[in-house]
Amino acid sequence: MAKKKGENYDSDGGDDQDYDEEPNFDDPEGFVDDVSDEELLGDFLKQKPCESDGVENVIVVDNIPVVGPARFHKLQGVLEKLFKTAGTIVNIHYPKDDEENTRGYAFIEFKNPEMAEEAVKAFNNYRLDKSHTLLVNLFSDFQKYSDIPKEWSPPEPQPYKMQNDLYNFMTEPDAQDQFCVIAESSPGAVQVQFWQNTQPEPVELLTRDRFTETYVKWSPLGTYIVTFHKQGVVIWGGSNFTKINKFPHSGTQYVDFSPCEQYLVTYGPNGQKIIIWDIRTGTEKRSFISDGTSNMSMFRWSHDDKYVARMGDNAIHVYETSTFYLLDKKSIKVQGIRNFSWSPTDNIIAYWMSEDLEAPARVTLLEIPRKNEIRNKNLFNVADCKIHWQKSGDYLCVKVDRYSKSKKDKKDADVKFLGMFYNFEIFHMREKDIPVDSVEVKETILAFAWEPVGSKFAIIHGDPASANVSFYEAKKGQEPTMLKKLEKKICSHLFWSPRGQFIVLANLQAGSFEFVDTNDFTIMKSGDHFRASEVEWDPTGRYVVTGTSGKVKEDHGYHIWSFQGKILKRVNLKNFILFLWRPRPPTLLSDEKQKEIRKNLKKYYAQFESKDRIRMTRASKELLEKRAKLREQFVEYRTKRVSEWEEQKYRRMQLRNNIDTDTLDADPDNVEEEIVEILVREDTTLLE
């Protein structure tokens, strides 16, 4: 029978069993505990929750409008739309009073602390309307500022963390430029090689296999290089091209940098998403859905990154990059707008609008942000216009395609055009009231290009098989004057040197090139690179590269030329895709300092000549040493093989019945002579 719990059990049925007393765990009298909780439970205390956990993601937005329930949803939508540009919002709380009116502030929680910090930077002191300017702070700042000690103590020095030097390529002593060569190593895998254009032979800096899936692109100042992948794009920089940031946008086909490299635009396939990113933080600033047409350069940036604009239906949408909202919260209405372009040096937009039944076509210069029209030019019988800014912003050229004659058919009222002519409207941007001069050309215009440094421009016009190349110069207070006309040139494209003066006249169908000095318009040299489809000057204007790629069956690769047209290097590369020079940021020297250097170039001539001779001598010495070393290796290899051949002679004699066959005369009886006659050609001549 089972015993009840607690009953004593004695096998002999005798007295109850005695148990030991329960131990006493109390500290003895006078005991002092000298072990702290941190020493005893350090690992567990680190996991202890604290009041500040999670508040790093929260910001406090003060001075918002005080509204009642009727207007609350509108306020909520405005603030959410505004702060969503800084990052992903998790939650928003609006404190209210007893009557359900807002109290004038709100709490916004973001996905991570970086987004919260970006919101503070972007929207603190942001003007919401005429009566409300937002004050934005991190929630954690309140605790930090309330716990300021009464006595100041110097901060503890933090260990230095080596940062990635993004501008080390500018420290090359001889100012040699870098370039990258892109080739397909295997289907879907692209290899990128980085080179330093040293003389007399370039030096390979780095090779990355499977670096990108399609192609790469340099940022406008050469700081970053972007690669394309299925999940999005990645930017790289520094001496070893380490990863700087990544931007998730699946299917990205094209990217565009802002001029100051603050923002990156990724374009998905046509009809899909377009995203503007902050390069430094990697956050999405704003996104758009394309209209299904070509996405190329849908957004156009001001020179200082303060504004970005795009063209809409009868409107220009200009956004301030501080908030990525419309300038003055409304678009600029332009009925019939066809195209626009920013000045490269000023916040001025040039746009043209087509003509209708009541008004002619017009070119307008619009000043931003005041939206003042500083110049208008009416145009008649216009078919199309192209806007070309000079790099320094001193001049604007608008190429106008015009109908030379028109008439109306009385039956169907259709306009019949009998011919075309072309003219160039030159706007003098730095002169009072911006005067406009016109240059008329009767022949078909094939190409136009401004001189990057200077005031000359070149035009290819006439029949493509025998075109003429005309050079004009624009001067202050004067009409453009023709400097030279080169006749019967087979060319289709113009490529100016980045430093001006020199130009390449190229025929990219035949692969022929002419190098012209526009100081006296002499043709320095001509050259050919069959089926070359690319021409690119280096940033200093010393070298030109032509490349053959794509679906042509000829040898793929690139040629490097001097600015005078001398071929310096030919490189054949299987599956060659692209050659790109690394851009340089603009010089920090003033115009006066640059003029002084040009004036005193003769002083530096001897120094440069000496360095070139030393470099060539060193290169020649290295080449001779390399050849001598190769010859020694060959002689050593040949001597070793001859020695082995002589050692094997006894074995050869055994295998050949003791007959020495090492020379042709060793066994004359074992030779068979055979004479073969072949009919090469047969001629028949008839005699009268």
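Predicted model: local features only at pLDDT ≥ 70, side-chain atom pairs only at ≥ 80, totals over all residues.
View 1. K391 is placed in the loop between strand 25 (382-389) and strand 26. The relative accessible area of K391 is 54%, and the residue is therefore exposed, given that exposed means over 50%. On the surface, K391 gathers with R499, K595 and R598 in a patch of positive charge.

**View 2. The salt bridge between D401 and K399.** The side chains of D401 and K399 meet in a salt bridge, with an N to O distance of 2.7 Å. D401 has a relative accessible area of 13% and is therefore buried, while K399, with a relative accessible area of 11%, is buried as well. Both assignments rest on the cut-off for buried residues, which is under 20% relative accessible area.

**View 3. The salt bridge between R402 and E425.** R402 forms a salt bridge with E425, and the closest N and O atoms of the pair are 3.8 Å apart. This pair links distant parts of the chain, since R402 belongs to strand 26 (residues 395-403) and E425 to strand 29 (residues 420-428), the two residues being 23 residues apart. R402 counts as buried because its relative accessibility is 15%, and E425 counts as buried because its relative accessibility is 4%.

**View 4. Further salt bridges, as a pair and as a network.** K456 and E451 form a salt bridge in which the closest N and O atoms are 3.4 Å apart, and both K456 and E451 are buried. Elsewhere, salt bridges link E118, R280 and K285 in a network. A search of the whole structure finds 18 salt bridges, among them the one between K456 and E451.

**View 5. Aromatic pairs, with F211 and W236 as one example.** A search of the whole structure finds 35 aromatic pairs. One of them is formed by F211 and W236, whose ring centres are 5.0 Å apart and whose planes stand at 50° to each other, a geometry classed as tilted. Because F211 lies in strand 7 (residues 203-212) and W236 lies in strand 10 (residues 232-237), the pair ties together parts of the chain that are 25 residues apart in sequence. F211 and W236 are both buried.

**View 6. The edge-to-face pair of F448 and W450.** The ring centres of F448 and W450 lie 6.0 Å apart and the ring planes are at 90°, so the pair is edge-to-face. That class applies because the planes are over 60 degrees apart. F448 is buried, and W450 is buried too.

**View 7. A cluster of aromatic rings.** Ring pairs link F179, W195, Y558, F576, F579 and W581 into a cluster.

Conventions: Residues numbered from 1 in each chain as written. Heavy atoms only, no water. Salt bridge = Lys/Arg side-chain N within 4 Å of Asp/Glu carboxyl O. Buried < 20%, exposed > 50% of the residue type's maximum accessible area, 1.4 Å probe, protein only. Helix = DSSP H or I, 4+ residues; strand = E, 2+ residues; numbered from the N terminus. Phe/Tyr/Trp six-rings, centres within 6.5 Å; stacked < 30°, edge-to-face > 60°. Patch = residues over 30% accessible without salt bridge, like charges linked within 9 Å, V, L, I, M, F, W, Y side chains within 5 Å. Areas by Shrake-Rupley, 256 points an atom, 1.4 Å probe, with all protein chains shown as cover. Lys, Arg positive; Asp, Glu negative; His and termini not counted. Charge placed at Lys NZ, Arg CZ, Asp CG, Glu CD.
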